[in-house]
Amino acid sequence: MNKTKITAFAAGLMLIVSSNSFAQTETAPMPKLVTKNGRHTLLVDGKPFLMLGGQAHNSSGWPGMMPQVWQAVNQMHANTLEIPLYWEQIEPQPGKFDFSFIDTLLTQAREHKVRLVLLWFATWKNGSNHYMPAWMKQDAAKYPNVTGKTGKPIDSPSPHYEATLAADIKAFTAVMKYIKQADPQRTVIMMQVENESGSWDTMRDYAAKAQKLFEGKVPDELLKPAILKAINGNTATGNTWQKVFGDRADEYFQAWSVARFVGKVAAAGKAEYALPMYVNAALRDPLTNPMANTYESGGPTDNVIPIWQAAAPDIDLLAPDIYLEGSERVLKVLELYDRSNNALFVPEAGLIADNAKYMYDVIARGGIGFSPFGIDDNGHGSTKEELAERLAPYGREYAAFTPMMNELAAWAYEGKIKAVVEHEDHANQIIDLGAWQAVVSFGNEQHPSTEGKTKADGKLMIVKLSENKFVVIAAQCHVTFVPTGANNGKAWQYLKVEEGKYDNGTFKPLRILNGDETDFGGPRFGVTPTVLQVELVTR
């Protein structure tokens, strides 16, 4: 049988362990986010790692809830669990820390051979302070909330008070110090700092202290020409928030204030233990440029990414939480957060079948991971079968990706992957492969199995191994090839189409497809994602 090795570059990165195991050394290499030529990858155990994740429900980060969480992780074949750490859980009394749940997570994650991304629910969670310890909630004068424009109190913590910042830093650094000594295996691979930070129901804090800052000078970091151009599209006509940013001044001031606070928390945590750290965003409509009175103001929405990067340089990436619907909006979000200076990562997506296809675009863009939200039963009493049905759209993808997780991560880092996902109009899409075009169809005419099709759930990734050789991973679509360039108009055929899987960096064929499986243009893919190795030849 023909066995195709991954490229020498990718192989060189895979130095230590197999795809879903843990390093056996006493202290494993630190997880690290690296960038080359504007593309990014997350190194875990010294090799590219693709997070096939699942996030637990908000109130599932307790020992008694973990059996159902692990049941969901196993059913969806996830290699990474995202789960909250609550400030009120960690520091129930001032200066007295309880790390017992961290110990539980580390032990159980290692047993399940799953990595962890820990979510620090602290000063902010969904714009509110509800996860602060009770002793802070009972002292609103010392740890105040935001004041709205009319003087009305807002259910959101103010970013302008040193007492709140100092308390958050103290707790977060204690957490990071503990993880450093408790986790030499590097079970924890990333930290989320706060959760969807910002404020609902107000553009910014209008309290007297905040107002004085707003009326003052814009920080020098934002007045640098390159930064100002990225934020504002032009040069400053003054140096106050209102003069520099006009009708966006309130929102941009709030973004700077929140980002500065969160960035200081991250910097202090990294000084103890330098895991990669990110912040997640509650999104705005990416197509209409609305004002911040329609969404959470101050978080890392697409229009203030440069502000966040200037204010919080110790945050490694800004990540979109995807609860929008429609391929145009979702793909635009992925485009906006996929930047040469920002690795693409989707830490939350609505647990609906339609969202599973966007993993393909994330991977092709060089994204480091994807995770649907709320994978566990959450105390609702669902049967194992009901849970399996809910997780199946993700489980099918993860089961296909898992044996080739390292290869996908390395290929993505090298820029070798292209992908398409089906749009609501089911229109054909074309992928340019140099000497070839891949024509991907989803509609009834080209793909009879889609008769009466209403769901837009087709997806395809293609990896270019050489000019005429490709790896294709796809479901719910049909692909054929067209020679281009010097070969344009020439007759062609499939030299070989093999169905199989990757195992330890090697493609292992299950069978050769021919006849009905490749005639009439090319392979057709059903509900279960299939991996093919395709070789083409002109005649």
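Helices (H or I, at least four residues) and strands (E, at least two) are DSSP runs, numbered from the N terminus. I'm working on a predicted model, where local features need pLDDT of at least 70, side-chain atom pairs count only at pLDDT 80 or more, and totals for chains, interfaces and linings use all residues. Residues are numbered from 1 along each chain as its sequence is written, and side-chain values use heavy atoms, with hydrogens and water left out.

**Entry 1: Lys-416.** I looked up Lys-416 and found it in the loop between helix H16 (405-414) and strand E14 (417-421). Its relative accessibility is 22%, so I put Lys-416 down as partly exposed (buried is under 20% relative accessible area, exposed over 50%, partly exposed in between; 1.4 Å probe, protein chains only). I also checked Leu-433, 17 residues away along the chain: its C-alpha atom is 9.9 Å from that of Lys-416.

**Entry 2: strand E9.** Next I went through its partners (two strands pair if DSSP finds at least two bridges between them). Strand E6 (residues 115-125) runs parallel to E9, with 6 bridges, and Trp-120 sits opposite Val-193 of E9. Strand E10 (residues 277-282) is also parallel to E9, joined by 2 bridges; there Met-191 has Met-277 as its bridge partner.

**Entry 3: Met-191 and the cores.** Met-191 turned up again in the largest nonpolar core, which has 137 residues. I take a core as buried Ala, Val, Leu, Ile, Met, Phe, Trp, Tyr and Cys residues joined through side-chain atoms within 4.5 Å. Among the residues with the most contacts inside this core are Met-191, Trp-241 and Phe-401. Helix H11 (residues 249-272) gives the largest share of the core, 11 residues. A second, separate core has 23 residues, including Leu-460 and Phe-481. Leaving out residues up to four places away in sequence, I listed what Met-191 touches (contact means heavy atoms within 4.5 Å): Phe-172, Val-175, Ile-179 and Met-277 are among them.

**Entry 4: H4 against H6.** I found the axes of helix H4 (residues 100-112) and helix H6 (residues 162-182) coming within 11 Å and crossing at roughly 40 degrees (axes are lines fitted to C-alpha atoms, for helices over the stretch in contact; angles run from 0 to 180 degrees between N-to-C directions). Ile-102, Asp-103, Leu-106 and Arg-110 of H4 meet Val-175, Tyr-178, Ile-179 and Ala-182 of H6.
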